[in-house]
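Thanks for asking me to look this one over. Here are my notes, written to be read with the model open beside you.

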Amino acid sequence: EAVDGQRRYMAHKIIQTGRPQGTVTINAIVVEADTFQEQYTKAVIANFGREDHTTQERVGAIKQLLEFRRTVAEIANAFTCSEAYIWQHMQLMRLDERVIARAGPDVPPEKRLAFNAALIISSQLKYIKDQLAVLDQVSGQVSMQRVRHIIEEYVRIAGIDRAALYD
């Protein structure tokens with residue numbers, strides 16, 4: 001399985017189409033991976049440091065690396081980012097899978113749950129019993145002020161003191 005260079009390989013296939021076999025070549029380096037963990041880690045290092053990914057993809061990769069017993073520092077190094085960035089994504093692992101799915105690549109960008117909105121929801125989970133009800137109102141291109149307002153309104157209706165949100 002390709003760990004790095006999938007786009008190069010796909011470009012090669014497109015260029016090769018309609019031409020005699022073997023007339024278009026690309027350079028490739030084959031590197032063996034002894035385990036799935038090693039292969040997955042190499043793929044994260046090759047791809048997540050240089051390419052945009054959705055929140056769902058980043059959370060999934062971080063979760064997998066944690067299951068491989070990687071430290072936050074090792075994961076941050078693989079992602080070429082700060083440890084704080086990894087810790088923020090780890091907070092999102094507490095969200096319902098259906099909520100995280102709304103931050104995925106299959107959701108049109110204009111309807112995708114923004115990273116900051118997901119962080120706000122995850123920080124208020126003890127007050128939000130139905131994550132999906134809140135999600136329907138905060139997905140897409142809404143301001144963080146609007147997200148906070150929606151959550152405050154939701155907890156008000158639930159009978160929770162608004163001040164409790166900020167302690």
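1. Ground rules. This is a predicted model, in which local features need pLDDT of at least 70, side-chain atom pairs count only at pLDDT 80 or more, and totals for chains, interfaces and linings use all residues. Residues are numbered from 1 along each chain as its sequence is written, and side-chain values use heavy atoms, with hydrogens and water left out.

2. Helix α3 against α5. Helices here are DSSP runs (H or I, at least four residues), numbered from the N terminus. The axes of α3 (residues 55-67) and α5 (residues 83-91) cross at roughly 100° and come within 9 Å; axes are lines fitted to C-alpha atoms over the stretch in contact, with angles from 0 to 180 degrees between N-to-C directions. α3 is therefore roughly perpendicular to α5 (65 to 115 degrees). Arg58, Val59, Ile62 and Leu66 of α3 meet Tyr85, Ile86, His89 and Met90 of α5, where contact means heavy atoms within 4.5 Å. These residues divide into six nonpolar, one polar and one charged; Ala, Val, Leu, Ile, Met, Phe, Trp, Tyr, Cys and Pro count as nonpolar, Asp, Glu, Lys and Arg as charged, and the others, Gly among them, as polar.

3. Helix α4 against α5. With axes 8 Å apart, α4 and α5 pack at about 105°, which makes this pair roughly perpendicular too. From α4, Val72, Ala73, Ile75, Ala76 and Phe79 meet Glu83, Ile86, Trp87 and Met90 of α5.

4. Thr41. This residue lies in helix α2 (residues 36-47) and is buried, at 12% relative accessible area (buried means under 20%, with a 1.4 Å probe and protein chains only). A polar atom of the Thr41 side chain lies 2.8 Å from the backbone oxygen of Gln37. Leaving aside neighbours within four places in sequence, Thr41 contacts Leu65, Phe68 and Arg70.

5. Ala78. Found in helix α4 (residues 72-79), Ala78 counts as buried at 7% relative accessibility. Ala78 and Asn47 are 31 residues apart in sequence and 9.3 Å apart in space, C-alpha to C-alpha.

6. Cores. A nonpolar core is a set of buried Ala, Val, Leu, Ile, Met, Phe, Trp, Tyr and Cys residues joined through side-chain atoms within 4.5 Å. The largest has 18 residues, with Leu92, Leu95, Leu113, Ile121 and Ile151 making the most contacts inside it. α7 (115-123) is one of the helices supplying at least two of its residues, and gives the most, with six. A second, separate core of 13 residues includes Val44, Leu65, Val72 and Ile75.

Key. Parallel < 35°, antiparallel > 145°, perpendicular 65-115°, else oblique. Buried < 20%, exposed > 50% of the residue type's maximum accessible area, 1.4 Å probe, protein only. Polar contact = N/O pair within 3.5 Å; in protein donor to acceptor, adjacent residues only side chain to side chain.
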